[in-house]
Amino acid sequence: MSQQQKSKGTALAVYIIIGIIIGAVLGYAVASMTMVPYSKYAALETELEQYKAGAGKPGAPEYTFYYVSHGGPADPWWAPVIKGSQLAGQMLNVKVVYSGPEKFSIQALVDLLNSAIAAKPQGIILTITDYKALDEPARRAISQGIPIIAVNVPDPRPANQRIPYLSYVGQNEYDAGYYLAKYLIDKGYKPKRVVIGIHEVGHVGLETRAKGITDAITQAYPGTPVEKLDITSDPTKAAEAFKNYLTKYPDTDVIFTLGPLGAHPALQVLKEKNLVGKVHLLTVDIDDVILKAIENGELEAAVSQQPFAQGFLPVVFMYLYVKYGIIPPAHVPTGPTVIDKTKLDTVRKQIATTGGA
Amino acid sequence: MATQTASSRKSLLLLISQHPELGVIASFSIIALAFLVISPDKFPTSSTLYSILTLAGELGVTSIGVAFLMITGEFNLSVGSVYALVPMFVVLMVDAGMDMLLASVIMLSVAFGIGVLTGYITVRTGIPSFITSLGMMMFLRGILLAITGGFPVRLEGSHWLTDVLNGAVGVEGLRTSAAWLLALTLIFLIILDYTPYGNWTYAVGASPATARELGVKVWRVKLVNFGISSLLAGLAGLMALSRFKIVDPTLGQGLELEAITSAVLGGCLLTGGYGSIFGTFLGALLVALTRVGLVLAGAPAYWYSAFIGVILIIATIINTYVVRKFVTSG
């Protein structure tokens with residue numbers, strides 16, 4: 001009897017916990033419905049609101065474009081891209097549907113592309129993250145009369161073999177690595193040993209960046225050891241991997257990282273081991289931690305690929321093509337732009353207005 | 001003479017069957033020895049040891065909870081999401097002006113509650129915990145992504161709690177996370193092997209029906225152990241936050257599988273009822289040791305995953321053999 005009562009007590013406690021959690025979720029759902037999304041960027045929000053309220057704008061969108069990308073909501077780098085695409089859509093009165101998998105997955109990307117094709121939009125904007133997997137569905141879309149513009153990652157094959165997309169908007173990943181390393185060399189620095197921390201092994205874009213870095217350094221100073229290090233996207237593992245590499249090769253004087261997930265732990269290691277100023281740290285992509293580190297002289301330079309432009313421009317080019325038949329140039333670069341102390345202010349403006357750089 | 005060897009052999013078998021961690025001790029020693037031979041100058045140093053302990057810190061703390069629950073016969077795949085959820089909300093609360101200690105206590109209670117909830121759904125519906133906790137893992141990760149919009153959150157300012165949870169001790173790379181790992185290993189080792197509650201845990205894992213007949217409250221043991229696994233994952237997440245002061249919404253993805261790897265390396269059976277906290281501790285150390293050792297050996301870093309896969313299979317074969325030979329046959 002008493003045991004039954006006790007287990008009733010346990011059950012009651014559990015019901016209360018369930019209640020609290022359901023309540024929290026419902027509360028959040030209500031809050032998120034009433035809140036404006038991406039409220040971090042007030043200036044952009046008001047701009048968007050103005051367009052939404054837009055005097056004299058026709059109600060129904062003229063076209064629907066699908067923006068299919070490997071970058072899901074988990075990766076902060078893509079947030080300005082999403083915003084850029086949405087703002088262009090608002091300005092041109094086009095519906096832009098953004099879809100990306102939560103976790104990096106080529107299969108999920110292919111599935112999303114197939115759903116996009118099934119929706120029969122007037123245009124598809126696509127990251128060619130894996131040209132083998134995307135070749136068939138992309139060609140099928142084009143044969144059905146849906147034009148494709150590639151963004152962020154191009155099809156690396158020669159022009160006569162690649163997917164016949166209209167244009168590629170984005171930075172060349174190879175150049176991003178190449179010009180970042182070249183920045184260091186042009187300053188007259190001769191590295192002794194270089195390590196490249198790669199946080200998502202097997203990601204073609206990151207591997208290509210690493211190849212750009214390697215080529216720039218070995219072309220300038222043949223024989224310089226340049227090694228890739230698998231640091232994973234976990235900060236503790238990344239930090240200890242860098243530490244152990246520095247223990248193994250104490251002559252390492254340059255660290256490259258390929259994104260914030262590598263740059264943050266690398267910064268931490270340099271601080272913990274008192275190596276700031278002794279080991280040069282350069283990274284691809286930017287966020288406010290990285291900008292602060294550039295300002296403090298802890299991080300030498302970062303390359304920005306201006307992601308907002310990668311969201312905004314393809315929508316504009318697609319619109320011009322679909323509406324007026326204007327064929328975009330084959331490659332529209334949005335970078336690489338190497339950011340060091342001298343360019344901080346401009347980049348800060350970009351971040352304040354678009355949420356990323 | 002013959003009886004003497006037989007009895008000493010029998011006591012050896014008894015020793016093996018009572019110590020699931022023997023397998024992992026063997027593989028740990030062999031691999032450590034191999035790295036010692038490959039890099040005799042860099043490997044046996046205090047900074048290497050500290051690096052291994054640091055790497056094992058968060059993983060080990062999570063693994064202890066996961067192992068405890070596995071011995072109860074259940075899985076908790078949501079630990080990776082809880083690992084990110086707890087520090088994320090602590091940062092949000094601290095940014096809103098709350099004291100970090102209070103925020104941490106609140107979020108650790110929430111973590112315990114999430115574990116209990118997962119357990120409750122599992123026990124109540126009879127759905128395998130693999131599925132319920134998988135669902136919880138996705139649900140929590142989705143909440144994280146929705147709230148942050150994919151951006152990392154940063155802990156501004158400093159608080160004494162961060163030094164306690166994962167502060168640097170000296171300049172060689174030793175961190176307080178190592179002390180937490182050792183202390184929690186000891187605590188849960190004692191609970192599992194030297195208290196009635198530990199006995200209940202084994203009993204529930206081995207045979208819930210028998211345990212119930214013997215008067216063990218199977219429900220309660222399961223719910224509490226679900227809670228513990230979730231609580232320890234949250235604590236480990238706070239340890240990660242304390243060092244880097246930044247939480248990415250992707251933090252802890254894949255941690256659940258690494259924790260299960262450590263537990264299985266340490267001798268835990270997927271079917272429950274058998275396992276060791278000390279073994280799990282060594283399992284986490286083994287995972288960390290392999291990662292550190294491969295870098296120090298100058299091996300192409302991309303081989304880590306392949307290497308740990310082979311070790312996992314070999315260690316499991318040994319464990320399964322030991323169990324089949326000495327435990328189930330009495």
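Modeller: Helices (H or I, at least four residues) and strands (E, at least two) are DSSP runs, numbered from the N terminus. The model is predicted: local features need pLDDT of at least 70, side-chain atom pairs count only at pLDDT 80 or more, and totals for chains, interfaces and linings use all residues. Residues are numbered from 1 along each chain as its sequence is written, chains are lettered from A and ligands numbered from 1 in the order in which they are written, and side-chain values use heavy atoms, leaving out hydrogens and water.

Colleague: In which helix is A:Tyr183 found?

Modeller: A:Tyr183 belongs to helix H6 (residues 173-186) of chain A, a chain with twelve helices and twelve strands.

Colleague: Why does A:Tyr183 count as buried?

Modeller: Buried means under 20% relative accessible area, exposed over 50%, and partly exposed in between (1.4 Å probe, protein chains only). The relative accessibility of A:Tyr183 is 17%, so this residue counts as buried. Of the 357 residues in chain A, 53% are buried.

Colleague: Why is B:Leu101 called partly exposed?

Modeller: Its relative accessible area is 34%, a value between the 20% and 50% limits, and therefore B:Leu101 is partly exposed. B:Leu101 lies in helix H5 of chain B.

Colleague: What residues does A:Tyr183 touch, and with which does its side chain make a polar contact?

Modeller: Residues up to four places away in sequence aside, A:Tyr183 is in contact (heavy atoms within 4.5 Å) with A:Leu282, A:Glu300, A:Ala301, A:Val338 and A:Asp340. A polar contact is a pair of N or O atoms within 3.5 Å; within protein, one must be able to donate a hydrogen and the other to accept it, and residues adjacent in sequence count only if both atoms are side-chain atoms. The side chains of A:Tyr183 and A:Asp340 meet at 2.8 Å, and they therefore qualify as a polar contact.

Colleague: What makes the meeting of B:Arg243 and A:Glu240 a salt bridge?

Modeller: The term requires a side-chain nitrogen of Lys or Arg within 4 Å of a carboxyl oxygen of Asp or Glu. Here the N to O distance is 3.0 Å, so the pair is a salt bridge. The rule finds five salt bridges across the interface of chain A and chain B.

Colleague: How much area do chain A and chain B bury between them?

Modeller: Buried area is the accessible area (1.4 Å probe) that two parts lose on being put together, summed over both. For chain A and chain B it is about 4100 Å², with 62% on carbon and sulfur atoms. On the chain A side, A:Thr236, A:Asn244 and A:Lys248 lose the most area to chain B, together 13% of what that side buries.
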